[in-house]
Amino acid sequence: MLPVRKLTLSSAVIYLFLILGALVVLYPFFYMVMNSFKFGPEILHAPTRLPSQITLSGYVGVFEKLNMLLLYKNSLIIAVSITFLNALLSALAAYAIAKIPFPGRDQLFAFMLATMMIPGVLFLIPTYVVMYRLGWVGQFHALIIPAAVSVYNIFLIRQFIIGIPNELIEAARLDGAGDLLIFFRMILPLSRPVLVAVAILSFIGSWNDFIGPLLYLNTPDKWTVQLGLYQFQTSIPGENIQEIWASMTLITLPLVVIYFALQDQFVKAFANVSFK
Amino acid sequence: MSNAVMQASHAGAEINKLQRFKARARQYIWGYLFVAPWVLLYIAFGLYPLILSFYLTFFDYSFVRPDDYIFVGVGNWIRGVTDPLFWKGLVNIFYNQSIFITLNLGIGLLTAVMLYKTVYLGRIFRTIYFMPVVTSVVVLMAIGNFIASPQGPLQSMLMEAGILKTGIFWKFSSWLPMPIIAVINAWKWFGVSTVILLAGLYSIDTTYYEAASIDGGTGPQQFYYITLPQLRPQIFFILVLNVINGLQMFTEVFTLGYDVFGGPSNQAITPVLYLYAQAFDRSNIGYASTLGLLLALVIALLTIIQFRLIPSE
């Protein structure tokens with residue numbers, strides 16, 4: 001017998017609280033977008049009031065002064081490269097670990113899981129030294145190559161591939177298909193849901209990354225959106241205030257669009273975390 | 001059956017076995033090839049840096065003179081353990097995290113229970129609560145900074161209500177930055193806790209509640225004796241995750257515009273900010289490596305304590 005759920009007084013109170021929570025969550029976004037359409041003096045002197053006059057000058061300024069298109073391009077190059085490589089290489093490793101019983105597989109997988117426990121801060125300095133010696137500092141691939149495959153994604157994809165029946169794979173083998181063919185023709189298409197989740201996590205992680213670009217991309221022509229915004233904020237305090245709000249809105253926009261388009265996969269990608 | 005036939009069939013079985021072995025070996029080679037990218041990249045950007053990091057802790061090393069390694073023994077370790085700024089960073093982080101984790105778990109639990117009890121619109125609320133999770137730390141800290149500033153909506157509201165006399169420049173206060181960053185972070189991250197706890201709530205067998213209702217258990221009693229214990233794995237997971245990530249906080253304080261030592265009274269210094277300062281401001285690479293290892297030890301210690309204190313099954 002399921003508990004009967006009715007619209008009672010207590011559920012009205014619950015909805016009231018939920019709406020209140022939603023307003024608290026949404027207000028800062030509203031505040032950001034609202035201020036991005038104001039003139040500079042109004043942002044400084046009446047930041048909480050609605051714009052008395054709507055202007056796009058902040059948005060125009062962003063493209064003129066901050067070179068927003070270049071920042072977008074740099075961020076996209078890095079994020080798309082990482083997303084593509086990571087989904088592909090993590091899926092390859094996940095397939096091998098899920099379905100090919102090569103000697104040493106279980107030990108390798110146990111080792112992989114153990115590496116997840118190592119806090120990232122340990123790698124910060126020595127990886128920089130390695131990049132410095134390789135002469136990669138200042139280049140995109142200093143960010144892309146180390147992020148080209150990740151244990152966490154291998155783990156997520158493996159959990160999914162394990163559920164694909166072995167009979168399917170054996171049947172393909174009997175028909176003469178090799179592992180490469182099986183991977184591209186069968187495993188990849190079947191794993192679409194988990195690959196979307198992995199791709200979302202990689203893309204958002206890379207797009208929002210700050211410390212990586214801060215360490216490795218030290219010339220303005222290589223800056224990403226996050227680093228560009230930071231530099232823009234700190235370079236001339238008080239000035240360019242219109243452009244700051246406009247650029248924050250523009251940086252957040254692509255993510256919000258992707259998020260709303262793929263929200264179920266997105267929440268699942270995060271919630272998967274709890275089921276391990 | 002003649003001897004010759006038996007020998008022939010035996011030889012056939014041998015050939016069969018050999019073929020099967022070859023087929024399996026071919027498959028294994030693909031297996032090794034498929035995991036090779038991870039193995040190679042982890043050796044280059046995981047294992048090697050880890051060994052290098054440990055090695056560097058015994059040297060005075062700087063990018064200013066990249067070919068000189070000056071051996072200092074355990075000097076960096078002693079300096080790290082006795083460095084007041086490293087400890088100040090740890091104290092700040094504990095101060096920050098105790099508030100953040102309380103808020104994060106509290107709000108997460110509250111919203112998860114409320115969403116569990118609603119029939120309609122749950123998905124819309126979940127979507128909204130998850131929005132800050134998707135947004136970058138740089139953007140959210142900038143917005144949070146403006147909203148909490150003396151000209152921002154919060155303080156002006158409090159001033160109009162007469163609660164505040166003058167604006168508070170909290171970034172320069174010696175004790176306010178950490179709690180305010182904790183509140184901004186709780187606002188950013190509680191959506192993850194909500195989703196994890198909500199999944200936990202849905203996995204609880206409803207017959208527990210029915211049995212408790214029959215025995216006359218009240219709502220709060222049911223929450224305390226059924227819901228909370230049943231959610232233990234999820235709560236434990238959130239705690240471990242928060243401690244590991246929280247201790248490595250950097251971008252939050254860095255983008256607020258403090259100097260690399262976290263302001264005049266180091267009110268916003270964190271261990272990773274201090275490590276950054278030593279490495280990239282002072283170019284003390286060996287010492288920064290030591291600080292990284294010390295912090296990793298603290299994190300490992302806390303994680304072990306958590307595993308001991310909270311049996312998660």
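Where does B:Asn266 lie in chain B? I found B:Asn266 in the loop between helix 11 (251-254) and helix 12 (271-281) of chain B. Helices here are DSSP runs of H or I with at least four residues, strands are runs of E with at least two, and both are numbered from the N terminus.

**Setting up**

I am working with a predicted model, where local features need pLDDT of at least 70 and side-chain atom pairs count only at pLDDT 80 or more, while totals for chains, interfaces and linings use all residues. Residues are numbered from 1 along each chain as its sequence is written, chains are lettered from A and ligands numbered from 1 in the order in which they are written, and side-chain values use heavy atoms, with hydrogens and water left out.

**Positive phi**

I looked up the backbone of B:Asn266 and found phi near 55 degrees, a positive value in a residue other than glycine. Most residues other than glycine have a negative phi. B:Asn266 is buried, at 18% relative accessible area. For the record, buried means under 20% relative accessible area, exposed means over 50%, and partly exposed is in between (1.4 Å probe, protein chains only).

I noted B:Leu121 as well, which has a positive phi of about 65 degrees although it is not a glycine. B:Leu121 is placed in the loop between helix 3 (84-117) and helix 4 (122-134) of chain B.

**Helix 5 of chain A**

I checked which residues of helix 5 (residues 105-115) of chain A are buried, and got A:Arg105, A:Leu108, A:Phe109, A:Met112 and A:Thr115. They lie on the same side of helix 5 of chain A because they cover an arc of only 120 degrees around the axis, the arc being that of the directions from the helix axis to the C-beta atoms. A:Asp106 and A:Gln107 are exposed on the other side of helix 5 of chain A.

**Salt bridges**

I counted a salt bridge where a side-chain nitrogen of Lys or Arg is within 4 Å of a carboxyl oxygen of Asp or Glu. The count comes to 5 salt bridges over all chains. One of them joins the side chains of A:Arg105 and A:Asp106 at 3.4 Å, N to O. A:Arg105 is buried at 18% relative accessibility, whereas A:Asp106 is exposed at 52%.

I then followed A:Arg173. Its salt bridge with A:Glu170 has the closest N and O atoms 3.3 Å apart. A:Arg173 and A:Glu170 are separated by about one helical turn, because they are 3 residues apart in helix 9 (residues 166-174) of chain A. A:Arg173 also forms a salt bridge with A:Asp179, at 2.6 Å between the closest N and O atoms. A:Asp179 is buried at 3% relative accessibility. Shared partners join A:Glu170, A:Arg173 and A:Asp179 into one network of salt bridges.

**Aromatic pairs**

A:Phe37 and A:Tyr59 form a tilted pair, 5.3 Å centre to centre with 40 degrees between the planes. This pair links distant parts of the chain, 22 residues apart: A:Phe37 is in the loop between helix 1 and helix 2 (40-45) of chain A, and A:Tyr59 in helix 3 (residues 57-65) of chain A. A:Phe37 is partly exposed at 25% relative accessible area, and A:Tyr59 is buried at 13%.

In chain B, the pair of B:Phe59 and B:Phe71 is edge-to-face, because the ring centres are 5.5 Å apart and the planes are at 75 degrees. B:Phe59 is in strand 1 (residues 59-60) of chain B and B:Phe71 in strand 2 (residues 70-71) of chain B, so the pair ties together parts 12 residues apart in sequence. B:Phe59 is buried at 11% relative accessible area, whereas B:Phe71 is exposed at 58%.

**Charges over rings**

I took a charge as sitting over a ring if NZ of Lys or CZ of Arg is within 6 Å of the ring centre and within 35 degrees of the ring normal. The charged end of A:Lys222 sits over the ring of A:Phe140, 5.7 Å from its centre. The charged end of B:Arg79 sits over the ring of B:Tyr287, 3.8 Å from its centre.

Note on methods. Rings of Phe, Tyr and Trp (its six-membered ring) pair if their centres lie within 6.5 Å; planes under 30 degrees apart count as stacked, over 60 as edge-to-face and the rest as tilted.
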